[in-house]
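Have a look at the structure, then read on.

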Amino acid sequence: MRTYLIDHEQNEIVFDITKTLVHSSELVEYEFCAIEENKVIDRQTIFLRKLAGSFFVSTDGKQWGKLAKQDLPSRVVHVDSVFNVFRGYKPSGLSGAGAGELKTQMPGKVVKILVNEGDKVIKGQTMLILEAMKMENEIKCGIDGVVRKIHVKNGDTLESGVLMMEVEE
Amino acid sequence: MSELRFLPKEKKRVLISNRGEIAIRIAKACRELGHTAVGIWTDNEPAAKHLEFCDEWVRLPGKTNAETYLNIPAIIKLCKESKIDAVHPGYGFLAERTEFAEALEKEKIVFIGPNSNAVKLMGDKATSKVLAKSVGVPVIPGSAEAVPSVAEAIKISNDIGYPVLLKAVAGGGGRGQRACFSEGEIKDHFEAVQRESQSAFGNGDLLVEKLILDPHHIEVQVLGDKKGNVYHFFERECSVQRRNQKIIEEAPSPFIGDDEKLRQEICTTAVKLAQAVKYDSAGTVEFIMGADRKFYFLEMNTRIQVEHPITEEITGVDLIICMIQAAFGEELGIPDQEWIHRTGHAIECRICAEDPITMLPAPGLVTGFDTNFPQGIRFDHCVYKNLDVTPDFDPMVGKLIAKGIVRDIAIRKMRSALKGLYIEGLKTNIPLHKVIMEDQVFIDGNYTTTYIKEHKPQDRVKKTKKYSRFYKLLAGIEAKRMGM
């Protein structure tokens, strides 16, 4: 079974489960491989044991590490990247925002819009101020261009991934 | 049956007008004393973790903080409906709002905190500085009162010299302040800081003061009662900060170190100030200390602070319980100042839902949670599997506290505890704390408030993708799918 891990910048890691061996109701052996550009670049056996209601994992069957109790997570985190987990399929329509599309990275409230439609803007210019978690975040432009469309107004409360502005090169 | 001392004479109904880990901490204290802990739930957090620790649950309708935890009339109404005897505000929200303390006083409801006059005198940074100066407590040069305009701010700054700090009169927790190194920077930031202050504290007034470079943030825990006694519980150093907000605190201060004379001086100065406002609860006097070991009064926080547990760990006192007892005019069980001792060293790491490198808030859903801690660890938190961390509230979800007989042992225990703290599904600053606990500058205890900015531990957070970590997580998912 193929699993895709995709973060919000569309970085993708692909994994295959190539073997599942059930030793007992408490012990399973899996073989995973990591795939890049259709080539297997890494392969590893993982043992999983259920002990006192928790899962423990091991690469050698000797040293065991605990996994945090989880249901079926749709996300996994690695340090500063959050990956969405897609098992068995790769989602379509997840195409990345162009450099000229300003999308919210986290939910927040529009405090102040600093540009108008038709304005000439430069890369790195602050376009609007978004308040999230009691902090003001300056949202900067990714390219040089002209503001084509502003989709939000002052005071709007936005979810994550909302298109706020479009800039034309 | 023999009677225990230090038990309340009467069972009271205590409303906790807060949420998260501090609401849990307060609820536990209420239960220990035999009082009824009444918890609040709001429409944007109906599954609040703290309710689990409260005896009674009441609904405060509304989806925004302005409608709920910051809504004085609504909370007063709730108190009357639920026959509340006392309110504990925790930290943040209404904890330092004079209007709230006064409104409760008017309704003959006990405010678990200092008298409203002390909140008023200390709540305004400008008047608190004037007062401190008048009783001989050293203060930083700056504007005596709120600065009405950019022009005025620039005039004062030119007088006292750059760099200067723009800060909210009503601020706290490092929000609503900005360093300015030139006239131009004041022009750029004045409005933004005003806006931030208005939205965070409901008051956009700003102060200007001289900025001390490479400073240590050192604060003293004080506790007063209704008989006029004020005690101190030694100092905490809170110099590891990002965006002027603390992320790691420790007690005692490694900068003061063995200098018992300096420690005595700063602690008695704090007591002197607290006595001047007839302080009668738990509070914190914050100082800024330069490299020359001279200290200046910064502000007094007239509430329980986030980092109070490290003081509890080294002195053995239960500050929340003392606060409740002090509010009801009861005996604290402290004979005198000399009776208060400290042993060992305690460190606190604030666990926040944020990117460990950019340190920006990263809300999300906790998909998994587990702990495996060594001896000497305390974790005050509100984390559970399926907790949805929303942008409505502070990103701090817990406080990891390590206590050891000496500082190095506390650091060792903290390293082990961080390895045993599993929070899955969203970004946390645990990887950053791990780096700091291994960093020589931190280990030497030789850091100032510029530590994060200058030593950049965040740049040493390891990003290398180890496939084996993903394999292990995926194995867990597969096992769940197989119904194990």
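**Notes on the A/B interface and the chain A sheet**

1. Chain A and chain B bury about 5300 Å² between them, with 66% of that coming from carbon and sulfur atoms; buried area is the accessible area (1.4 Å probe) lost when the two parts are put together, summed over both. Mind that this is a predicted model: local features need pLDDT of at least 70 and side-chain atom pairs 80 or more, while totals for chains, interfaces and linings use all residues. Numbering runs from 1 along each chain as its sequence is written, chains are lettered from A in the order written, and side-chain values use heavy atoms, without hydrogens and water.

2. In contact terms (heavy atoms within 4.5 Å), 58 residues of chain A meet 59 of chain B.

3. Five salt bridges link the chains, counting a Lys or Arg side-chain nitrogen within 4 Å of an Asp or Glu carboxyl oxygen. One of them pairs Lys112(A) with Glu191(B), closest N and O atoms 2.9 Å apart.

4. Now the sheet: chain A has eight strands in an open, antiparallel arrangement, ordered E6-E5-E4-E3-E2-E1-E8-E7. Strands are DSSP runs of at least two residues (helices, H or I, at least four), numbered from the N terminus, and two of them pair given at least two DSSP bridges. E6 (65-66) and E7 (75-78) of chain A are the edges, each with a single partner, so one side of each lacks a neighbour in the sheet.

5. Within chain A, E1 (2-7) and E2 (12-22) run antiparallel, joined by five bridges; Thr3(A) sits opposite Phe15(A) in E2(A).
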